[in-house]
Amino acid sequence: MKLQDIFLFSFKTVTSYPTRSFLIILAMALGVAAVVVLTALGDGARRFVIHRFSSIGTNLIIVLPGRAETAGSFPGASMGQTSRDLTLEDARWLGQLHQVRRYAPLNVGTAELAAVGRLRDVTILGSTADLFPIRHMELAQGSFLAHGSQYSAQIILGAELAEEFFPEGNAIGQRVRLADRRFIVSGVLARQGETMGFNSDEIVIIPIDHAQALLDTTSLFRILVEVRNRNDISSAKQAIRELMIQRHDGEEDVTIITQDAVLATFDRIFRALTLGVAGIAAISLAVAGILIMNVMLVAVSQRTDEIGLLKAIGAPGSDIRRLFLTEAAWLSLTGAIFGFMLGHAGSLLIRLAYPQLPAWPPVWASLASIVIALVTGILAGLLPAARAARLDPVKALSGQ
């Protein structure tokens, strides 16, 4: 039997049983679509997080109190439990390193903000004017904290807070009360959403000295350091470590994190999650393959007359085997194509519903799902094809 005849004959067989073929194609299509959609979600989440962290600067080094190795937990959680806290004097010494372009000490806390008869609890960031270029923050109104303004009672409001307290847009120059202290609004942040665990639309920024007095602390939450050149990150990290050891009586009690290390960690985590969900979704392809095998085994018992007639007119067992394998390939390939289209349509809906999430299916996932579906279908057709090829033509024609 010619190859063309095998393709045509198997295709007619598939179309002769529309209900059976539709169910097999649907099962395979859902499996492929699940792989495409879930990998699009996983890879989209990875790119979203990487972009958010990249947007806050690539030459960034973060200095935290406490060592992750000795504390046994994330260093930020050990705040207040370390042998020595980070101080403003530490930050000023770091600023004198030749690799450092600018630095921003940071304090974080909460307090009650009150103005024009309204009040609510807000997150406070205490820092200097260099926080804005380091974190790539933008203003919608007013001006940043001016250099040398650490002693003046200026405050910058997040966009949502400004709208809530001053809906008429006249926040600049207004007086507000933060806890028991009064400040003058000097600026309003542009909307930026959430970065590094803070919703910048709902924070207030005040000078570092006022923050430490208001929060009654002399220690820092962390120090953000921006190096002059990306190539200086390694030497700057080593210089910061040596300086902090020298200032802390020979004890290495700080953790230094580079932006690249943070990005690499998130990249590894999200790639592992994407592969994990793709593997779980691929199980549905195996289930679809088992369905193909079951249906085709039943088909062999129902089509014994047809198989017997083919053998009676001289078709060898190899042709019968190829017919059933080609039939399985038609079913799995059609299901994979429909699943590919369904998965990309689902990814498009996700992107329309969540425009910020770049839920594009990875090319490797789309190709792999089609190949796996095709291989699974052919493997599932091996047993029915072998059983059909072994049938005795006389017994098959007699319906035995």
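## Helix α1 against helix α11

In this predicted model, the crossing that helix α1 makes with helix α11 is right-handed. Helix α1 spans residues 3-16, and its axis comes within 9 Å of the axis of α11, the two crossing at roughly 55°. Because angles under 35 degrees count as roughly parallel and those from 65 to 115 as roughly perpendicular, α1 and α11 are therefore oblique to each other.

On the α1 side, the residues that meet α11 are Ile 6, Phe 7, Phe 9, Ser 10, Phe 11, Thr 13 and Val 14, while α11 contributes Asp 319, Arg 322, Leu 323, Thr 326, Glu 327, Trp 330 and Leu 331. Sorted by class, the residues of this contact between α1 and α11 comprise 8 nonpolar, 3 polar and 3 charged.

## Helix α10 against helix α11

Helix α11, which covers residues 317-353, also packs with helix α10, made of residues 304-312, at an angle of about 140° and with the axes 10 Å apart. That angle makes α10 oblique to α11, since only angles over 145 degrees count as roughly antiparallel. The crossing of α10 and α11 is right-handed.

From α10, the contact is made by Ile 307, Leu 310 and Lys 311, and from α11 by Gly 317, Ile 320, Leu 323 and Phe 324. The residues in this contact of α10 with α11 divide into 5 nonpolar, 1 polar and 1 charged.

## A residue in both contacts

Leu 323 of α11 is listed in the contact with α1, and Leu 323 is likewise among the α11 residues in the contact with α10.

Technical notes: Residues numbered from 1 in each chain as written. Predicted model: local features only at pLDDT ≥ 70, side-chain atom pairs only at ≥ 80, totals over all residues. Heavy atoms only, no water. Axes fitted to C-alpha atoms, helices over the stretch in contact; angles between N-to-C directions. Helix = DSSP H or I, 4+ residues; strand = E, 2+ residues; numbered from the N terminus. Left-handed = near helix turned anticlockwise from the far one by under 90°. Contact = heavy atoms within 4.5 Å. Nonpolar A, V, L, I, M, F, W, Y, C, P; charged D, E, K, R; others polar.
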